[in-house]
Amino acid sequence: MTSEDAAVLDDPVGESLRGHHSALARRRGRTATYVPEVATFSAVSPTADSADWADLARLLGRGEFADMFSCPATPPPDWEPVFVLEGRQMIWPGDRPVQGRAAPDTGVVELGAADVPEMLDLVARTRPGPFWPRTHELGTYLGIRDNGRLVAMAGERLRPPGWTEISAVGTAPEARGRGHAVRLVSALVTRILSRDERPFLHVAETNTAAIALYERLGFESRKCVTFRGFRTP
């Protein structure tokens, strides 16, 4: 893997909105965001000027939430800060195959529109990150059921060229310790690699258990990132 291959990961939201997710994008000038109920992520150039921020504010509307993800650009002072979260970006190096003790994907099922109510309920209980009624349209989402009830899930989110982000990894409290996260992440890694793409993900710096799990599976840290959200004036 070269630095050029991974350069698109410095702007994963913008690269996704310009490419694989263009059909799910809203645009104004040089700014872009996802359509409602898919995601709240927005993108501006790292060198955005006042006109760009004004375009994004008009695109979103007054008093709306702008999740700038890992974008380093700073909005004008009248944009109200909502949150700041330190995290890291992790990648699957080169074309490394799934190895180690990764469990087979037996019992893993694909999730779709009919499963959204259960997916939203699981997200509310596990809090793996933002997930909305149409987030599943970003890519493939997989789940594990126990007696018919959804107890674990994970899926594909951002899609910069050559890469697919694994996200929404969550297991219900009563089903933890059974290797569900390993099975789901491994199944997604296998699918992504089969498309000649590379997996990557983001994780909060404080989530040391998740970081250790991803490292055991084969992911490596690429860089530290700061996630930020704002409210438009």
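User: How many aromatic pairs are there?

Analyst: This is a predicted model, and the count comes to 8 aromatic pairs. In one of them, the rings of Trp 163 and Phe 200 have centres 6.2 Å apart and planes at 90°, so this pair is edge-to-face.

User: Which strands do Trp 163 and Phe 200 lie in?

Analyst: Trp 163 belongs to strand β9 (residues 163-171) and Phe 200 to strand β10 (residues 198-204), so the pair ties together parts that are 37 residues apart in sequence.

User: And are Trp 163 and Phe 200 buried or exposed?

Analyst: Both Trp 163 and Phe 200 are buried. Another pair is Tyr 214 with Phe 219, where the ring centres are 6.0 Å apart and the planes stand at 70°, so that pair is edge-to-face as well. Tyr 214 counts as buried because its relative accessibility is 8%, and Phe 219 counts as buried because its value is 2%.

User: Which residues form an aromatic cluster?

Analyst: Phe 41, Phe 69 and Phe 227 form one aromatic cluster.

User: What about the second largest cavity, what lines it?

Analyst: The second largest cavity has a volume of about 30 Å³, and among its lining residues are Phe 41, Trp 132, Leu 138 and Arg 157. By class, this lining has 6 nonpolar, 2 polar and 1 charged residues.

How values were computed: Residues numbered from 1 in each chain as written. Predicted model: local features only at pLDDT ≥ 70, side-chain atom pairs only at ≥ 80, totals over all residues. Heavy atoms only, no water. 1 Å grid on protein atoms, 1.4 Å probe; cavity = no way out; pocket = protein on both sides within 12 Å on 5 of 7 lines; lining within 4 Å. Points joined across faces, edges and corners; volume = space filled by probe spheres on them. Nonpolar A, V, L, I, M, F, W, Y, C, P; charged D, E, K, R; others polar. Phe/Tyr/Trp six-rings, centres within 6.5 Å; stacked < 30°, edge-to-face > 60°. Helix = DSSP H or I, 4+ residues; strand = E, 2+ residues; numbered from the N terminus. Buried < 20%, exposed > 50% of the residue type's maximum accessible area, 1.4 Å probe, protein only.
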